[in-house]
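Here are my notes on the model you sent.

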Amino acid sequence: MNFDLKALTIAAAANEKCDLLVLLVAEPTPAASDPLSSLVALALKHGDLQTEAGKSLSLYHLPAIAARRVLLVGAGDGSAKAVRKALAAVGPALSAPALKRAVVCFSFDVPAQALTAGVQALADATYVFATTKPSAKPCSLEKVVFGVSSKAALQPAFDCGVALALGQGTTREWANRPANHATPTKLAEAAKALAKLPGIECKIHGPAEVEKLGMGAFLAVAQGSNEPLRLIELHYQGGAKGEAPVALVGKGITFDTGGISLKPAAEMDEMKFDMGGAASVLGVFRALAELRPAINVVGLIPACENMPDGRAVKPGDVVTSMSGQTIEVLNTDAEGRLVLCDALTYVARFKPRAVVDIATLTGACVVALGGLRSGLFSNNEDLAQALQNAGDAAQDLCWRMPLDDEYAEGLKSNFADMGNVAGRAGGAVTAAKFLQRFVGDMAWAHLDIAGTAWKGGAAKGSTGRPVGLLVHYLLEAARTAPVAEKAHKAVKAAKPAKAAKVPASADTTAAVAKTIAPAAGAPDAATDTLL
Ligand code: BES
Ligand code: MN
Ligand code: ZN
């Protein structure tokens, strides 16, 4: 499907030839006398149309209107939340057979964030999973034109919506694929395909390299499966070379049986979504390739299956993580933290300005927050605030959870530096406390998306979350470049003659040297930078 942005007034929209014209009607309602405005006024007056978000009135072959069908849709107060709800409700109408070209326009000046949300919601509502279902009817829509009064001002918001739609689409697609169609090897191929896009590079590590790296915890989870593990490394370079990146680490368990601590049969199929964190990292990179923000991003995905087998890790086994800390695997179903802890140790080599891990980590988080908000844990106030703000802006909500040290008490083990579980109480928090033991002093956040990455029941499927939250966060982080980078830009901007007059104190020389040095030689970026 193709999206386009066009300058269009309500009066001109009446002349748009298309299969379906969608007009979003918000308060205050329009008072003009063109055909569409008059139609809206009449429908409101007679109570056939309400402005409540998502309520609609469908009309056919109207005189003075070029579109074959017209759908008037309430858009509440015209906010991002209301526009999202309105366009989500339009899904069935847009999926009508033989519908090829649709135009979406607004009875009001649509705010930038509402347009972004609208494009995203429309793409979301028309997504059909057909990869392993040939009988599924794909949406026949070829083009959707968004008509707005001020095209130039809204172009960035529109582009952002399109990029998010593509990113979320990638995430939904990979998360929805059954585990036999989304093996660690296949996920790695998806990452390689992304590396064909501008600004993206990818490196894949197999079992031999992971063993060489000493990732004993990751290897322990993978050892019960016939599918070889993959450690997928993605790099997006939009910032200066050597500028500290933001790192995203996504849990990539392509199927979680629980291992020897086997899960019950009911709903076990849903554990194909246990790579939702990994899929969200792929989706973010898809969006980055479109948006090209001035920031460096590393994506890291430890991918493997968690299976019971003669070679599988057993309860009580002690493994040595890449950090050197030993772990008693008391429950093989707490495998997410085992693959993530080694990935978190590995990611420190990129000296990231911030690390965010994304994981369908605990059933306890589903109990705590349900499907509305992801759990947010962080050792850094600024990072936590930035992620919370991004979630609000993207309507991809999260909720800050505690990390008091007392929560880690249950992780004590008589036979290793720690156990991998700490009893039932506060399970989402104790899982986060386990991860925290591997992040050192990096600015770190953990998003537990167990409740938000997919929906169960009749509408079973991936939600594409938290791509919206993460992309909004990265766009904002790109605007607030690291301190060292700002100094670099200032030096570059200064005229050489003028720069020569500045006394070359030891401090400024050091600052320049820091910014142009490659990442490996740079000082600790986390303590040196703003988030
Ligand atoms: N992938 C699951 C978490 C999960 C469970 C996500 C249900 C969504 C719905 C994870 O690997 C897991 O099994 N966690 C255990 C941890 C426990 C053994 C401490 C859990 O939550 O039960
Ligand atoms: Mn598990
Ligand atoms: Zn799991």
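**Notes on helix packing and the ligand site**

1. In this predicted model, Ala80, Val83, Arg84, Leu87 and Ala88 of α3 are in contact (heavy atoms within 4.5 Å) with Gln113, Ala114, Ala117, Gly118, Ala121, Leu122 and Ala125 of α5. By class, this contact has nine nonpolar, two polar and one charged residue (Ala, Val, Leu, Ile, Met, Phe, Trp, Tyr, Cys and Pro count as nonpolar, Asp, Glu, Lys and Arg as charged, and the others, Gly among them, as polar).

2. Helix α3 (residues 80–89) and helix α5 (residues 112–126) have axes 8 Å apart, at an angle of about 25°. The two are therefore roughly parallel (angles under 35 degrees).

3. Helix α6 (residues 151–176) and helix α10 (residues 276–291) cross at roughly 150°, their axes coming within 8 Å. α6 and α10 are therefore roughly antiparallel (over 145 degrees). Residues of α6 in this contact include Asp159, Leu166 and Trp174, and those of α10 include Leu282, Arg286 and Glu290. The contact of α6 with α10 has nine nonpolar, five polar and three charged residues.

4. Which residues come nearest to ligand 1? Of the 16 around it (a heavy atom within 4 Å), they are Lys263, Asp274, Asp333, Glu335 and Gly363.

5. A polar side-chain atom of Lys263 is 2.8 Å from an oxygen atom of ligand 1. An N or O atom in the Asp274 side chain lies 2.9 Å from a nitrogen atom of ligand 1.

6. Residues are numbered from 1 along each chain as its sequence is written, and chains are lettered from A and ligands numbered from 1 in the order written. Local features need pLDDT of at least 70, side-chain atom pairs count only at pLDDT 80 or more, and totals for chains, interfaces and linings use all residues; side-chain values use heavy atoms, leaving out hydrogens and water.

Note on methods
Axes are lines fitted to C-alpha atoms, for helices over the stretch in contact, and angles run from 0 to 180 degrees between N-to-C directions. Helices (H or I, at least four residues) and strands (E, at least two) are DSSP runs, numbered from the N terminus. Angles under 35 degrees count as roughly parallel, over 145 as roughly antiparallel, 65 to 115 as roughly perpendicular and the rest as oblique. A polar contact is a pair of N or O atoms within 3.5 Å; within protein, one must be able to donate a hydrogen and the other to accept it, and residues adjacent in sequence count only if both atoms are side-chain atoms.
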